[in-house]
Amino acid sequence: MADYVKMWEDLGMDLETHDLLCQVLPTAVGDVFMTQENRPKAMDFWDLVISEVHGIRPAELIEEQKKGRKVFGTFCVFVPDEVIVAANGIVTGLCGGSQFWVPGGEAVLPKNTCPLIKASVGARLGRTCPFFRIADVYVGETTCDGKKKAYEILGQDVPMLIMDVPQMKRPKDILKWKDEIAEFAEKVEEITGNRITVENLKEAIRIINEKRKALKRVYEARKSECLPISGRDSLLMTQISFFDDPERCAQMCNRLADELEERIRDGVSVVPAGTKRILLTGTPLAVPNWKLHNIIETSGAAVVCEEMCTGTRYFENLVDDSGETLEELFMALSERYMKNNCACFTPNPGRIEDIIRLAREYKADGVIDCSLKFCGLYDIEKKSVAEALKAEGIPVLSLETDYEDSDAGQLRTRIEAFVEMLNER
Ligand code: SF4
Ligand code: SF4
């Protein structure tokens with residue numbers, strides 16, 4: 001591994017505590033990913049990135065900052081990357097997925113806050129994540145109450161922009177989101193010092209659409225009865241796509257998709273025929289949260305699709321780039337982003353329709369609906385999800401978890417029983 005200590009020091013990181021994090025990550029990567037057999041060769045790219053997750057990409061971001069580019073840290077798939085890319089800015093995901101950062105978050109937030117929020121705040125305040133140090137500005141959004149209030153705390157430590165996401169999907173809400181995107185574009189122009197034009201916004205839309213198409217190609221391959229990639233590997237690809245340069249991300253995903261399509265032609269599967277196929281839905285799985293996938297895939301089943309923000313919601317629906325004015329392009333962005341069926345909307349029938357549609361498309365034998373502890377939005381929606389799936393004859397298991405390992409045994413017992421039930425059907 002290259003020596004990144006000087007870089008971390010310059011970023012003002014707490015090196016001693018960060019060392020502890022660096023010690024646990026390789027074991028987790030080894031246990032979850034390297035124990036798998038017959039992985040696609042193209043996973044070598046993501047294996048390298050995850051093995052030096054606090055080194056390779058942070059070093060690239062710092063090099064770009066030296067050239068005058070600004071880095072925007074985001075926490076939600078509602079923030080339109082296209083606007084930032086159009087102004088020659090760089091987007092990096094910031095959601096925290098490790099229990100390591102939770103105590104730092106609990107120092108300033110109530111314990112009954114969802115672990116994703118606690119970890120994200122802890123990663124910043126504890127100075128143990130280079131991405132949280134590098135970002136010039138954070139972009140928050142008004143999706144859930146916990147995030148809204150956590151952004152006030154983060155805002156005391158780092159420049160923060162907040163986007164006001166509508167909570168309903170009426171035509172006036174789509175117009176409102178268009179106006180919010182236009183206002184955001186002005187702020188991005190101020191921060192980057194670059195004008196957003198029809199030309200550079202169209203080009204940014206093209207770049208992000210290409211990334212979406214490439215991610216979709218990998219997901220398309222997962223629809224095959226001959227499953228060419230595990231859920232764990234696919235999740236790693238998706239998680240890292242939030243941090244990576246979008247053009248390289250598209251290139252690497254297309255390279256992986258080529259190999260997966262070849263595997264399908266050659267009949268190469270990562271699981272024995274008849275392995276039960278699971279669609280996972282619920283709260284996002286921020287890196288390095290691989291717990292559920294790991295338990296499911298070591299309990300005799302395979303995850304074939306994720307209906308979540310670290311899944312289909314990240315790439316489904318392209319932005320129409322045919323507009324000839326900024327106003328038209330902002331509207332096209334609003335229309336695409338407002339198709340995201342996050343549980344923050346009321347009512348939210350689109351998510352249930354998506355789950356049923358995806359369960360069929362990916363030939364899922366069952367659905368696992370899992371929310372993070374203290375996420376009221378997704379927890380409350382579980383009832384409607386379960387009722388709708390039962391009505392469709394699709395078996396469903398509703399779960400709750402957090403970042404601690406203490407519930408792993410209990411989760412395994414419930415998941416094994418679910419898989420056994422699917423096997424007996
Ligand atoms: S689940 Fe909702 S709040 Fe969370 S990243 Fe997705 S859209 Fe944003
Ligand atoms: S998991 Fe739920 S509570 Fe946590 S940030 Fe997402 S929407 Fe908010």
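Biologist: Which residue of β7 is the bridge partner of T281?

Modeller: This is a predicted model, where local features need pLDDT of at least 70, side-chain atom pairs count only at pLDDT 80 or more, and totals for chains, interfaces and linings use all residues. Residues are numbered from 1 along each chain as its sequence is written, and chains are lettered from A and ligands numbered from 1 in the order in which they are written. Five bridges join β5 (276-282) to β7 (366-372), and the two run parallel. In β7, the partner of T281 is D369.

Biologist: What is the order of the strands in the open sheet of four?

Modeller: Strands are DSSP runs of E, at least two residues, and helices runs of H or I, at least four, numbered from the N terminus. Two strands pair if DSSP finds at least two bridges between them. The pairing here is parallel, and the order is β6-β5-β7-β8.

Biologist: Which are the edge strands?

Modeller: An edge strand of this sheet pairs on one side only. The two are β6 (301-307) and β8 (396-401).

Biologist: Is strand β3 largely enclosed or open?

Modeller: A residue is buried if 20 or more other C-beta atoms, placed from the backbone, lie within 10 Å of its own. Three bridges join β1 (71-74) to β3, and four join β3 to β4 (160-163). Four of the five residues of β3 (137-141) are buried, so the strand is largely enclosed.

Biologist: How are α7 and α9 set against each other?

Modeller: Axes are lines fitted to C-alpha atoms over the stretch in contact, and angles run from 0 to 180 degrees between N-to-C directions. The two helices pack at about 10 degrees, with axes 10 Å apart. Angles under 35 degrees count as roughly parallel. The helices are therefore roughly parallel.

Biologist: Which elements give two or more residues to the shell around ligand 2?

Modeller: A residue is near a molecule if its C-beta atom, placed from the backbone, lies within 6 Å of it. The residues around ligand 2 include C114, K147 and Y378. The elements are α7 (115-125), α9 (145-154) and α18 (376-391).

Terms used:
Parallel < 35°, antiparallel > 145°, perpendicular 65-115°, else oblique. Buried ≥ 20, exposed ≤ 12 C-beta atoms within 10 Å, placed from the backbone.
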